[in-house]
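Please keep the sequence and the model in view while reading.

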Amino acid sequence: MTTPVLMVIDSDPGNVRALDATLRRRYGRDYLIISETSPATAQDRLRELRAAGHPVAAVMVGSAVSAAPAAEFLAQARSIQPTAKRVLVVPRGGPAAPSFRVPVPLVADRQAATLVLRAIAHGAIDAYLPAPGSGPDEGFHRGVTELLEEWAREAVPALPAVRIVDRQESARAHELRDLLARNSVPYVFHAAESADGQAWLAQADQDGSALPVLVTYNGQILVDPPIDQITAVFGLASLPEAAVDVAVVGAGPAGMSAAVYTASEGLSTLLLEREAFGGQAGSSSLIRNYLGFPRGISGSGLATRAFEQAWSFGAIPSMAGPVTGLEPAADGFRLRLDGGRAAQARCVLLATGVSYRKLDAPGVDSLLGVGVFYGATTSESSAFAGERVFIVGGANSAGQAAVNLARYAQQVTIVVRGNSLAARMSQYLIDEITAAPNIEVRTMTEIAAADGTGRLETLTLKDTATGSAENVPAAALVVLIGAAPHTGWLPPQISRDEHGFIRTGSDLTQDGNPEARWTLSRPPFPLETSMPGVFAAGDVRRGSVKRVASAVGEGSVAATQTYQYLERRRGRRPG
Ligand SMILES: Cc1cc2nc3c(=O)[nH]c(=O)nc-3n(C[C@H](O)[C@H](O)[C@H](O)COP(=O)(O)OP(=O)(O)OC[C@H]3O[C@@H](n4cnc5c(N)ncnc54)[C@H](O)[C@@H]3O)c2cc1C
C-alpha cells in the first residue's frame, strides 16, 4: 500500500510548523506528513493525492482557520477521501480562537463543548483533539493513534485469514462474510466467475460444483462448511470436559461483562456464543454514548476489547454451537448445544439478547442477503457507494445506520410509519440526519413489496395516509424495526412475559401475579430467574434498558450475584 498521508491545515504558520513537527517525530516513518496553510490549496492537494493513489488517513484542521472555509474544506475532504478521519485541533487551555470560536478547556466551557458536539453530530468532523502541549504529549498521541487504528480497520486491507469463493449473488456468502466481519476476522471474497475465483478454486482442487469454498490462513479447504467448522479453525469450537462454575450464554455486552467479572473473581467461566462475540453492539458502526469513550467507539472495536478482557481473566470463549436446551443436573445445570454436545455448569447466566423483528412484505424474504439486510450492515456499507439505499425503522439504530450509509450511498431514505422521527430517535441523530444532504425521511410510509431478479432492484412504497403506491429503484433495504428476545429454546420453568422477555427478581414474587413462580423460602436475587441458580442480564431481561451501558452494568451485577449464589451453596445454605 502507498504511504498514507496525515494532513495538517492551519492558517497560522507557527501552529502548522508546531503540529507538523510533532506528527513528523512520531509518525514520520509510516505516514507522509503534509502541511498546508490554506483550505483551498489543501483541497487541491487532496485531489492530487487521490489521483496519485495516496490514501489519506486523517486531515487535521487547526483553530486559526476561519469557520466557513474550514467547514467547506471538511465537507470537500469527505467527498474526496471518504475514509479520511476529519479532526478539529482545538487550542489547549487557552482562550477562544476568535475565528473558529472553539474555546477550551472544554470541561470548563459548556458553550465550547456544545459547539464541538454539534460539529460531530452534524457530521462535520469525526473527532476533536486538544492541540499538543510542548514536549511529548502522550494524551494527544493516544487520540491520534486511536483515530489511525480506526482508519486502518476500515481502510487498510489486512492479510486475509479466510478466502471465500462463491457466486457473486450468493446469500450464503453474505451470511459467511457477515459472520467473519462481525468477529473481526479479515477475509477476501472472490466471485466464483472471476479469474481470481477460478484460480483459488483450482488451487483448492475444487471444480466449483459445490460452493462456497473457503481457504483458510493455515491451508484448510472447507466446502460449504457449517459455522462450527469455521470457528474450529480459530480454536473456538471446544468445550471444557469438567463442570464450570458459571456458564454465560450469549456474548453481547451483558455476557462479556459478566464473564469479565466472574472470571476476575476466580470463578471458572464458560462463555458460549452462537454467532458473533459482541452481540448487537458489535454490529453498531459507532457507539457514541458509552461511558469513557468521548469520541465514540465502533461496535467491533468494543467487542474486540471486551473479548480480549474476558479471555485475559481466564474465561473460556466457545462457539461450539447455539445453546438449545437447559435443564437442572446433579451438581447444577446441563446445557445442550446444537449438534448434540453438552456443557455442565454450577450456575448459568442468560444473556442471549434480542434480534430484529421480520418485515412482513412480499418479496422481502426471498431477497434476504441479496439486497435485503436485517441489522446495521457495517460489513456492507462501502458496497453501496453511489447507490440508493432504504432503511425501515424509526429508532436510534435506524438513525445510526442512515448516517453511516450516507457516507457511501448516493441517497439514503429512512422509511417510517409514524409522522416524525421524534418519538423514538435521539435528537442528536435527528440533527445529524437533517443536516445530511443525502438523507431523506419518508414519514407515513411503509414497504409494500420488494422485487428483483437475483438481487433487490425495486421497492414499492405505500403512503399510509392516501393509500397510493410508488415503485422506486433500490440497491439495498436495511430493516431495523424492533426486536424479539432469544428465549424460545428455554424450558417452561423459566418464567417469561407475553413477549418472551425473562422475568427476574421481584417480578417473580409479586402478589397476585400468576406468573410469579418463585418456590424457595429465600427471596430470589434481583437478577435471578424463576429457576434458582439461573440468572439473566441485558436486553433479554424483562424491563431492561436497551443500551450497551445497561447491558454491561447488568452483566457485572449478575456476575456478583452468581458469586453470592455459589458462596451460599458452598456454605450449604439452602437454595
Ligand atoms: C445497530 C445497533 C446500534 C446500536 N447502537 C447503540 C448505541 O449507540 N448505544 C447503546 O447504548 N446501545 C446501542 N444499541 C443497543 C445495544 O447494542 C444493545 O442494547 C446491547 O447490545 C444489548 O446487549 P446484550 O448483551 O444484552 O444482548 P446482545 O447484544 O443482543 O447479545 C446477545 C448475544 O447472545 C447470543 N445468543 C443468542 N441466543 C443464543 C444461544 N441460544 N446460544 C448462544 N448464544 C446466543 C447472540 O448471538 C448475541 O451475540 C445498538 C443496537 C444495534 C442493533
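Of the contacts in the chain with a separation of 6 or more, what percentage is accounted for by residues 24 or more positions apart? The share is 64%. The model discussed here is predicted, and the points below proceed from the whole chain to single residues.

**Overall form**

- The chain contains 14 helices and 26 strands.
- Its radius of gyration is 26 Å, close to the 25 Å that the globule rule gives for 575 residues, so the chain is as compact as a globular protein of that length.
- The C-alpha trace spans about 75 × 60 × 60 Å along its principal axes.

**Burial, surface and charge**

- Of the 575 residues in the chain, 51% are buried.
- The accessible surface amounts to about 25500 Å², and carbon and sulfur atoms contribute 51% of that surface.

**Confidence of the prediction**

- The mean pLDDT of the chain is 88, and 91% of the residues reach 70 or more.
- Residues 94–108 have a pLDDT below 50.

**Backbone geometry**

- Most residues other than glycine have a negative phi, and most peptide bonds are trans.
- L211 and P212 are joined by a cis peptide bond, with omega at about 0°. P212 is placed in the loop that runs between α7 (195–203) and β8 (213–216).
- S184 is not a glycine, yet its phi is positive, at about 55°. The residue belongs to the loop between α6 (171–182) and β7 (187–191). With a relative accessible area of 39%, S184 is partly exposed.
- M444, which is likewise not a glycine, has a positive phi of about 50°. M444 is found in the loop between β20 (439–442) and β21 (445–451). Its relative accessible area is 32%, and M444 is therefore partly exposed.

- Apart from neighbours within four places in sequence, A537 is in contact with A254, L349, L350, A351, E554, G555 and A558.
- A537 and M319 are 218 residues apart in sequence, and their C-alpha atoms are 20 Å apart in space.

- R26 lies in helix α1, which comprises residues 13–27. Its relative accessible area of 41% makes R26 partly exposed.
- Which residues does R26 contact, leaving aside its neighbours within four places in sequence? They are P136, E138 and H141. Although R26 and P136 are 110 residues apart in sequence, their C-alpha atoms are 9.6 Å apart in space.
- A306 is located in helix α11, residues 299–312. A306 has a relative accessible area of 19%; the cut-off for buried is under 20%, so A306 counts as buried.
- When residues up to four places away in sequence are not counted, A306 touches M256 and V260. A306 and G28 are 278 residues apart in sequence and 32 Å apart in space, C-alpha to C-alpha.

**A residue in a strand: P130**

- P130 is part of strand β5, residues 127–130. P130 is partly exposed, with a relative accessible area of 30%.
- How far are the C-alpha atoms of P130 and A232 separated? The separation is 45 Å, and the two residues are 102 residues apart along the chain.

Note on methods
Residues numbered from 1 in each chain as written. Predicted model: local features only at pLDDT ≥ 70, side-chain atom pairs only at ≥ 80, totals over all residues. Heavy atoms only, no water. Helix = DSSP H or I, 4+ residues; strand = E, 2+ residues; numbered from the N terminus. Rg over C-alpha atoms; globule rule 2.2 N^0.38 Å. Buried < 20%, exposed > 50% of the residue type's maximum accessible area, 1.4 Å probe, protein only. Contact = heavy atoms within 4.5 Å. Areas by Shrake-Rupley, 256 points an atom, 1.4 Å probe, with all protein chains shown as cover. pLDDT = per-residue confidence, 0-100.
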